[in-house]
Amino acid sequence: MQETIDLIGHRELRNLQRYTRETGQPTKLSDLDLEPMTSFQSIEIDEEHVTIHYNKTTKRRYNANEVTHKEWVYKYNDDPEYVEALRRVIELSRKHLYDLPENLACPPGCAECCSGYEPFVSRVDVQRIADHLKMSYDDVMNEYVVKRDSADGFSVGWLRKVDAKGASSEDTTDKCVFLMGSRSGRYYCGIYQARPADCGAFTPIGCEDVDTALPRRGEYKPGRPFEPNRKRAARNGRMSK
Ligand code: SF4
Ligand code: SF4
């Protein structure tokens with residue numbers, strides 16, 4: 001093991017000597033930090049250098065803490081290949097900023113997933129929707145759920161789909177019965193507070209259906225909530241007061 005480290009040390013020494021010859025920058029093996037970079041705190045980039053601060057440690061003292069970090073500086077001397085690689089890394093980081101947990105949000109009004117998937121519902125989901133709409137459990141099952149018990153009995157079915165005219169549909173690409181709004185960018189869930197756990201657990205991470213044309217910023221105001229068809233329910237005598 002020791003031998004291996006020595007070999008690495010000698011190889012790195014040769015690299016450092018070559019680097020010194022090529023760049024004129026003073027280097028010696030003791031400057032080389034072979035400790036792994038376990039955590040880094042910041043990256044600064046100027047026209048010639050990339051500086052990384054890492055492995056911050058805090059020594060707790062009586063009246064003041066001593067905070068130290070290590071520093072790695074790479075002088076790239078306008079090396080065009082390196083600058084290009086750096087530019088690409090920064091671009092990719094910006095692009096994937098949206099994937100960070102703190103930025104995890106769907107573009108408002110997207111709701112593409114409310115048309116391509118059928119959320120499964122459990123008894124608890126159905127009861128929550130029933131309470132929200134002031135209906136009975138059975139009414140919600142009859143009106144809004146395609147009944148199909150899962151093998152383990154947890155799901156009792158999935159939310160019904162409706163076509164553009166609001167008629168019940170077998171086409172799984174049609175929209176969820178509770179989806180409100182006229183078009184992408186204006187869609188919203190009509191029972192948001194009571195939506196099935198399946199919907200709540202759906203995240204935009206890795207979502208391939210996202211409507212990328214929609215802006216992510218800006219205020220979004222959903223419209224009126226979903227209202228059950230009270231006339232039909234009254235006609236069927238199923239609506240609770
Ligand atoms: S981004 Fe994906 S998960 Fe979010 S609303 Fe659109 S389709 Fe659904
Ligand atoms: S219940 Fe709401 S969130 Fe779930 S699929 Fe329907 S409209 Fe979308």
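Tutor: Before we start, buried means under 20% relative accessible area, exposed means over 50%, and partly exposed is in between, using a 1.4 Å probe and protein chains only. This is a predicted model, where local features need pLDDT of at least 70, side-chain atom pairs count only at pLDDT 80 or more, and totals for chains, interfaces and linings use all residues. Residues are numbered from 1 along each chain as its sequence is written, chains are lettered from A and ligands numbered from 1 in the order in which they are written, and side-chain values use heavy atoms, leaving out hydrogens and water.

Student: OK, is Trp72 buried, exposed or partly exposed?

Tutor: Trp72 lies in strand 3, residues 66-75; strands (E, at least two residues) and helices (H or I, at least four) are DSSP runs, numbered from the N terminus. Its relative accessible area is 37%. That value is why we call Trp72 partly exposed.

Student: Which residues does Trp72 touch, leaving out those up to four places away in sequence?

Tutor: Touching here is contact, meaning heavy atoms within 4.5 Å. Trp72 and His49 are 23 residues apart in sequence and 10.0 Å apart in space, C-alpha to C-alpha. The residues that Trp72 touches are Val50, Thr51, Ile52 and Tyr54.

Student: Now Asn55: buried or exposed?

Tutor: Asn55 is in strand 2, residues 49-59, and its phi is near 45 degrees, a positive value in a residue other than glycine. Its contacts include Glu35, Pro36, Thr68 and His69. Because its relative accessibility is 11%, Asn55 counts as buried.

Student: Where does Ala111 sit?

Tutor: Ala111 also has a positive phi for a residue other than glycine, near 60 degrees. With a relative accessible area of 15%, Ala111 is buried. Its place is the loop between helix 2 (80-95) and helix 3 (113-116).

Student: How many charged residues are in the shell around ligand 1?

Tutor: A residue is near a molecule if one of its heavy atoms lies within 4 Å of it, and Ala111, Cys106, Glu112 and Asp209 are among the residues around ligand 1. Ala, Val, Leu, Ile, Met, Phe, Trp, Tyr, Cys and Pro count as nonpolar, Asp, Glu, Lys and Arg as charged, and the others, Gly among them, as polar. The shell divides into nine nonpolar, no polar and, for charged residues, two.

Student: And how many nonpolar residues does the shell around ligand 2 have?

Tutor: Ligand 2 is surrounded by residues including Cys114, Cys176, Cys189 and Cys199, along with Leu159 and Phe178. By class, the shell has no polar and no charged residues, and the nonpolar count is nine.

Student: Last one: what percentage of the protein's residues count as buried?

Tutor: The protein has seven helices and eleven strands. Of its 241 residues, the share that counts as buried is 24%.
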